[in-house]
Amino acid sequence: MSNRYIGKSIKRVEDKRFITGKGKYTDDMVLPQQTYAHIVRSPYAHALVKKIDISAALAIEGVVAVFTGDDIRNAGINGVPCGWQVNFKDGTTMKEPSHPLLVGTGDTIKHLGDAVAVVIAEDRNIAADAADAVEVDYEVKNAISNPFEAVQAGATPVHPEVAPNNIAFDWTLGNPRDEVDAAIAASHHVTTLDFINQRVIPNAIEPRVAIGHYDTTSEKYTLYTSTQNPHLIRLMMSAFVLGIPEHKVRVVGPDVGGGFGSKIFHYTEEALVVWASKQIERPVKWTSERSEAFMTDAHGRDHVTKAEMGFDKDGNVMALRVKTYANLGAYLSLFAPAVPTYLHGTLLQGLYTTPKINIDLVGVFTHTNAVDAYRGAGRPEATYLLERLMDLGALEMGMDPADLRFRNFIPPFDGVTQPGYQTQVALQYDSGNYEGVLKRGLEMLDYKGFREDQKEALKNGKLLGVGFSTYVEACGIAPSAVVGSLGARAGLYESAQVRVQPTGKVSVYTGSHSHGQGHETTFVQIVADKFGIPMEDVELIHGDSDTVAFGMGTYGSRSLAVGGSAIMKSIDKILEKGAKIAAHKLEANIDDLEFNEGKWTVKGTDKSISFGDVSLTAYVPHVYPEGLEPGLDFSSFYDPANFTYPFGCHIAVVEIDPETGKVKLKRFLAVDDVGNVINPMIVDGQIHGGLAQGIGQALFEGAIYDDNGQLINGSYMDYCMPRADDLPMFEIDRTVTPCPHNPLGVKGAGEAGCIGSTPAVVNAVIDALWSGGHQVKDILMPLTPERVWRAMQ
């Protein structure tokens with residue numbers, strides 16, 4: 001590559017339309033004869049639907065139709081399936097209940113906000129008023145919301161026929177339990193931590209929207225939806241829910257206003273508006289209200305865990321034993337079983353040489369909204385577990401937390417001259433220099449100086465603390481063979497088509513779909529750099545299943561590592577064919593050509609031909625190699641050899657007011673290694689956003705369900721989000737350890753900030769409390785002033 005664009009902080013080209021109000025989101029769309037849907041939702045978490053009376057709603061002027069769960073059932077519509085299955089060696093599988101589009105008469109509500117009817121009207125206000133007129137007779141039942149309590153004897157079952165004990169799966173990984181028990185028993189010191197990784201709500205700035213349109217002439221269905229994953233939505237909806245031939249379904253994801261994982265999944269509302277459009281032969285739009293988003297957008301985290309880490313007398317980690325109850329909610333969302341297992345359990349090696357690890361993870365049904373991938377998806381939970389144990393272990397043993405990490409780090413390896421590191425929990429890391437990021441973080445912090453400041457602050461009645469978090473994550477989610485063996489019901493490759501026009505302009509079609517990552521800049525940088533042409537000569541097309549052949553969407557920090565690598569494969573095919581055309585035009589041997597800065601040149605001469613001239617020749621093949629097809633257009637699928645493994649070090653410095661318990665985040669430092677970087681400014685932005693979300697979980701955010709399954713903080717009046725003035729100026733840096741197995745050497749950056757930041761903040765608060773003589777092991781997140789103050793008493 002010429003590096004004309006690669007590695008440069010180029011402003012995002014898509015931002016011009018966003019900041020000038022010219023973005024096109026799903027809710028901006030108004031189709032001819034469009035109608036509006038409002039969904040009637042249960043106010044209870046667990047109830048029998050005895051009767052639904054829609055007569056008053058139908059009598060309201062402007063109401064077009066009202067459908068109930070009975071209509072869906074009578075039409076033979078299936079529920080939305082899960083996209084991941086947990087399998088066991090004895091041939092059994094997880095428990096998998098159906099997730100109906102609407103709950104019908106005689107069926108049972110499973111969570112607050114479960115849908116029972118949809119009202120369709122000429123405008124959204126009429127639809128909302130008519131929804132209030134739908135009368136539902138409920139028989140309210142007991143509910144369960146805590147995953148640990150849900151598996152105890154006598155707990156109310158969510159799906160009595162499918163999982164009477166509320167257990168979807170009981171999954172184990174790692175070394176044999178008896179070996180780990182023995183290693184724990186033989187340890188010089190054991191650090192034990194019982195904790196809750198609380199539930200959080202994604203809160204994308206754009207609520208979910210879906211428009212279903214059935215064309216009576218072509219008999220084709222179109223879904224416009226705010227999604228991260230158009231092609232997978234098409235596949236699931238057509239083949240498994242509505243039973244429509246896939247070629248008769250088009251799914252379009254226009255501009256998407258954030259997702260953080262919550263827009264990966266196929267939601268019931270998407271299939272519902274498509275089906276309803278066929279019934280009334282008019283487009284149907286549903287736009288989520290923010291209160292609906294709190295109740296029904298897939299939530300994240302929600303683990304109840306007991307973890308034990310054994311150390312020898314020198315501080316070397318000897319064993320890790322983990323028991324976790326993961327709340328899955330009432331229904332299994334698309335990737336829900338994968339998050340606590342494959343994306344969490346397999347990352348519990350962390351950065352350390354721990355020789356014995358055993359994980360017992362129980363997936364639990366409760367009367368709550370579904371829990372699925374939320375930025376980081378399993379890796380933040382794994383990092384929180386490990387990094388809390390490391391800092392707490394250091395405090396309990398009187399050791400320095402940084403020194404304890406250096407003592408236990410996996411030694412540096414590049415994956416080329418040294419093999420990848422095989423963990424005790426299935427994965428093999430690609431490359432890493434874990435001590436390098438911590439060394440750099442300590443330099444930026446001036447660690448020795450901080451400890452002196454901490455002592456001086458204590459003399460003045462102030463509590464200062466520092467918290468460390470060193471993490472590794474699995475990104476570039478794939479390869480298909482591996483994820484298939486772990487339970488994925490789809491491949492996790494990516495596709496790309498690169499089409500060179502006769503004038504040398506380039507159109508790139510990618511199955512990766514942006515919802516804020518900057519694809520229209522970063523992908524274009526790669527193509528322009530490789531072809532030696534201006535970025536203005538390249539366009540990126542994504543988000544439409546009729547335009548892009550296929551794709552697996554955007555999540556798991558896979559856009560560059562998988563989607564970018566697919567683009568690279570097509571670029572290489574074009575350059576290979578272009579070289580044949582150039583050699584013919586230059587009357588040279590192809591081996592004597594070199595391509596640089598947009599032209600092929602005969603080595604050692606001034607004879608050359610430009611990329612544009614070769615492009616034109618490909619489409620006007622008058623002087624052309626014999627047997628070579630015209631055109632310059634290639635498609636590729638890329639299925640990686642392994643995941644990618646970014647890593648890093650996050651450090652938080654806090655001050656606690658001893659009179660109120662209020663935590664002030666004074667500094668936050670992040671040193672991340674995401675492999676090669678295409679656009680540093682975009683990566684910095686991704687890190688900043690992730691840090692805000694991770695810090696938000698530590699200090700502010702947390703969804704609270706009561707014993708009746710009611711979400712008691714289901715609005716911004718009660719659910720606290722981090723604001724700009726809650727955060728310091730982030731101090732960030734990077735090291736670069738390229739991925740050895742993809743053509744770009746990239747690892748992924750979208751989730752890194754969210755993974756290491758949460759435990760760093762909590763560790764800093766615990767460190768501050770210990771410095772003041774308060775030997776507190778844990779505080780329930782978020783660390784509100786009241787909780788911190790009570791911990792000090």
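1. Proline 782 sits in the loop that links helix 19 (752–771) to helix 20 (785–792). The structure is a predicted model, and in it the peptide bond from methionine 781 to proline 782 is cis, with omega near -5°. Most residues other than glycine have a negative phi, and most peptide bonds are trans.

2. Alanine 426 has a phi near 90°, which is positive although the residue is not glycine. Alanine 426 belongs to the loop between strand 16 (421–422) and strand 17 (428–429), and with a relative accessible area of 51% it is exposed. Glutamate 597 also has a positive phi, near 50°, in a residue other than glycine. The loop that holds glutamate 597 runs between strand 22 (593–596) and strand 23 (599–602). Glutamate 597 is exposed, at 60% relative accessibility.

3. On the overall layout, the protein chain is divided into domain 1 (31–141 + 205–258 + 263–296), domain 2 (300–478 + 642–792) and domain 3 (493–638). The contact between domain 2 and domain 3 takes 20 residues from domain 2 and 17 residues from domain 3. The C-alpha centres of these two domains are 40 Å apart. Together domain 2 and domain 3 bury about 1400 Å², and 64% of that area is on carbon and sulfur atoms.

4. How many salt bridges are there between domain 2 and domain 3? The count is zero. In the whole structure, by contrast, a search finds 45 salt bridges.

5. Some of these pairs can be described one by one. Side chains of opposite charge can pair when their charged atoms come close. Arginine 405 and aspartate 391 form a salt bridge, at 2.6 Å from N to O. Arginine 405 is in helix 11 (residues 401–408) and aspartate 391 is in helix 10 (residues 379–397), so this pair ties together parts 14 residues apart in sequence. Are the two partners, arginine 405 and aspartate 391, buried or exposed? Both are buried.

6. Lysine 459 and glutamate 456 also meet through their side chains in a salt bridge, with 3.1 Å between N and O. Because they are three residues apart in helix 13 (residues 447–459), about one helical turn separates them. Lysine 459 is exposed, at 64% relative accessible area, whereas glutamate 456 is partly exposed, at 43%. Elsewhere, salt bridges with shared partners join Arg41, Arg208, Glu269, Glu292 and Asp297 into one network.

7. Arginine 12 pairs with aspartate 15 in a salt bridge whose closest N and O atoms are 2.7 Å apart. Aspartate 15 is partly exposed, with 24% relative accessibility.

8. Arginine 250 is part of strand 11 (residues 249–252) and is partly exposed, at 23% relative accessibility. Leaving aside neighbours within four places in sequence, the contacts of arginine 250 include Lys220, Tyr221 and Thr222, and also Asp544, Ser545 and Asp546. Proline 230 is 20 residues from arginine 250 along the chain, and their C-alpha atoms are separated by 8.7 Å.

9. A nonpolar patch on the surface is formed by Leu616, Tyr619 and Val620, which together have about 230 Å² of accessible area. Tyrosine 619 lies in helix 17 (residues 611–619). At 31% relative accessibility, tyrosine 619 is partly exposed.

Terms used: Residues numbered from 1 in each chain as written. Predicted model: local features only at pLDDT ≥ 70, side-chain atom pairs only at ≥ 80, totals over all residues. Heavy atoms only, no water. Patch = residues over 30% accessible without salt bridge, like charges linked within 9 Å, V, L, I, M, F, W, Y side chains within 5 Å. Areas by Shrake-Rupley, 256 points an atom, 1.4 Å probe, with all protein chains shown as cover. Salt bridge = Lys/Arg side-chain N within 4 Å of Asp/Glu carboxyl O. Helix = DSSP H or I, 4+ residues; strand = E, 2+ residues; numbered from the N terminus. Buried < 20%, exposed > 50% of the residue type's maximum accessible area, 1.4 Å probe, protein only. Domains from an automatic or database assignment. Contact = heavy atoms within 4.5 Å. Buried area = accessible area lost by both parts, 1.4 Å probe.
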